[in-house]
Amino acid sequence: MKLEERIALITGGGRGIGRAIAMAFAREGAKVIVAARTTEQVARVAEEIERECGMAARAVSCDVADAASVARMFEDGERLFGRGPDILVNNAGIAESAPLLKTTDELWHRHLNINLSGTFYCTCAALPHMLERGWGRIINIASIAGKTGSPYIAAYSASKHGVIGLTRSVAMEVARRGVTVNAICPGYVETEMTTRAIENITNRTGRSEDEARATLEQMSPQNRLVTTEEVAAMALLLASEEGRGITGQAINIDGGSLLY
Ligand code: NAP
């Protein structure tokens, strides 16, 4: 068991990539806390983990864009498992598209607040415990949109570029203290977020759902979407003892669409 005795907190753990990571970590012996705004979804994932993996799992409600809500989540976590998390996965995120000149202040700030400030708040809350124990793992789910630009996603892309900058700087700051900080940069993954992207293309272009899906698949040289399990497998490597030499990295899982 690669994560025995570890406590992991996964934001956005109610579905998609966060759920897959929570399941993968629990299968390797971690106790997990899954957090999101929709309480029913995280509660369901926690129950599923206890039933299928036999590991302790707890659901916590949290809006990562709200610093006070993040502080309460960490207090709840400590109360539930007796100490702060050894592993933090900053996965909670949103993605909406709009041409730049139709990007409202609200849409812009919502992306920065959830995707970037949420990662900052959770990292600040988790680090003191990790530094005190001399062991920790912070895994930020960024995106290939954090390394390159595409039309209509300025807010999302800017927030994910920010996540990668934050990852690299914090990694350097704590490199000698037993804590690693990395980002995973997926291409399009089979989740609700991608289903919404497909709906969006369909609505805006009149293309069929299959055509819209094919457009996203063709963005990868492997001509397919990434699975949540593939992202979870990378998160597990970064979280494990074997991953201790990897820090400050932004690792693509995109079938080769970006070569940097
Ligand atoms: P998803 O299916 O939409 O799930 C997103 C999760 O984040 C949900 O549990 C959601 O729950 C939670 N969340 C959203 N806003 C939150 C907030 N303010 N506070 C707390 N939790 C919040 O998306 P996904 O595809 O699994 O994406 C997960 C991460 O991967 C995101 O950061 C995304 O940007 C990144 N990513 C996804 C893809 C892709 O193609 N799907 C590609 C690259 C990167 P609530 O709404 O209930 O809070």
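Local features were considered at pLDDT of at least 70 and side-chain atom pairs only at pLDDT 80 or more, whereas totals for chains, interfaces and linings use all residues of the predicted model. Residues are numbered from 1 along each chain as its sequence is written, and side-chain values use heavy atoms, with hydrogens and water left out.

The ligand is surrounded by 30 residues, of which Arg37, Thr38, Tyr156, Val189 and Thr191 are the closest; a residue counts as near if one of its heavy atoms lies within 4 Å of the molecule. The shell comprises 14 nonpolar, 10 polar and six charged residues, where Ala, Val, Leu, Ile, Met, Phe, Trp, Tyr, Cys and Pro count as nonpolar, Asp, Glu, Lys and Arg as charged, and the others, Gly among them, as polar. At least two shell residues come from each of helix 1 (16-27), helix 5 (154-174) and helix 6 (192-205), and helix 6 gives the most, with four. Helices (H or I, at least four residues) and strands (E, at least two) are DSSP runs numbered from the N terminus. Domain 1 (7-187 + 228-245) and domain 2 (189-225) each contribute at least three residues to the shell; the bounds come from an automatic or database domain assignment.

Oxygen atoms of the ligand lie 3.3 Å from a polar backbone atom of glycine 12, 3.2 Å from a polar side-chain atom of arginine 15 and 3.0 Å from a side-chain N or O atom of threonine 194. The protein buries 97% of the 880 Å² that the ligand exposes when taken alone (Shrake-Rupley method, 1.4 Å probe).

The largest nonpolar core has 37 residues, and Ile21, Phe25, Ile87 and Ile139 have the most contacts inside it. Such a core is a set of buried Ala, Val, Leu, Ile, Met, Phe, Trp, Tyr and Cys residues joined through side-chain atoms within 4.5 Å; buried means under 20% relative accessible area (1.4 Å probe, protein chains only). Among the elements giving two or more residues to this core are strand 1 (7-11), strand 4 (87-90) and helix 8 (228-239). Helix 1 supplies the largest share, eight residues.

Isoleucine 139 is located in strand 5 and is buried, with a relative accessible area of 1%. Its C-alpha lies 6.3 Å from that of leucine 88, a residue 51 positions away in sequence. Serine 69, in helix 3 (residues 67-81), is buried as well, at 7% relative accessible area. A polar side-chain atom of serine 69 lies 2.9 Å from the backbone nitrogen of aspartate 63.

How values were computed:
A polar contact is a pair of N or O atoms within 3.5 Å; within protein, one must be able to donate a hydrogen and the other to accept it, and residues adjacent in sequence count only if both atoms are side-chain atoms. Buried means under 20% relative accessible area, exposed over 50%, partly exposed in between (1.4 Å probe, protein chains only).
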